[in-house]
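Here are a few notes to read alongside the structure.

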Amino acid sequence: MEKTFFHRSPQPLVPINKTKAISKPSSASSFADQLDKAIQHVPHIQISKHAKVRMEQRGISISPQTWEKIGEKINEAKTKGVGDSLVILNDAALIVSAKNKTVITALDRDEAHSQIFTNINGTILIDS
């Protein structure tokens, strides 16, 4: 089996001015609040910090009804032995650990179209 390695260039260091307090933009907290509200009805689905950031950066919003469908399908996938799954929605693609019921990352559909997904042993298609 051939292994593929990816290398990420290090990000430049940004000097921090210690005399000023750094605060998050209000849009970040409101996005996080909206995301938390959207998934509050979905039992045991977590969204990683990385996935939250990616969803905000890419403008991905998912309705509470779609989150419920995702939760149901993740539970079903877990019972069938799926570990990590690619969840394809109309406007987004999510990598979800069915084992941990955690959204690992999120991409918009245009971005996902040109990607190769590895270490996935299940795919879930959801029309919303």
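Predicted model: local features only at pLDDT ≥ 70, side-chain atom pairs only at ≥ 80, totals over all residues.

1. Stepping back into the helix itself, α2 spans residues 49-57 and lies across β1 and β4, running at about 20° to β4. Which residues of α2 are buried? They are Ala51, Arg54 and Met55. These three cover an arc of only 100° around the axis, so they fall on the same side of α2. Lys49 and Gln57, on the other side of α2, are exposed. A general point is handy here: an α-helix has 3.6 residues a turn, so residues three or four places apart point the same way.

2. Now for the sheet. Its five strands follow the order β1-β4-β3-β2-β5; the sheet is open and the pairing is mixed. Because β1 (46-47) and β5 (122-125) each have a single partner strand, they stand at the edges, and one side of each is left without a neighbour in the sheet.

3. Two antiparallel pairings involve β3. With β4 (residues 102-108), β3 (residues 92-97) pairs over six bridges in the antiparallel sense, and leucine 94 stands opposite alanine 106 of β4. With β2 (residues 84-88), β3 pairs over five bridges, again antiparallel. There, leucine 86 has isoleucine 95 in β3 as its bridge partner. Three residues lie between β2 and β3, which form a hairpin.

4. Finally, have a look at β2 and β5. In which sense do they pair, parallel or antiparallel? The pairing is parallel and runs over four bridges, with serine 85 opposite glycine 122 in β5.

Notes: Residues numbered from 1 in each chain as written. Heavy atoms only, no water. Pairing = 2+ DSSP bridges. Contact = heavy atoms within 4.5 Å. Axes fitted to C-alpha atoms, helices over the stretch in contact; angles between N-to-C directions. Buried < 20%, exposed > 50% of the residue type's maximum accessible area, 1.4 Å probe, protein only. Arc of directions from axis to C-beta.
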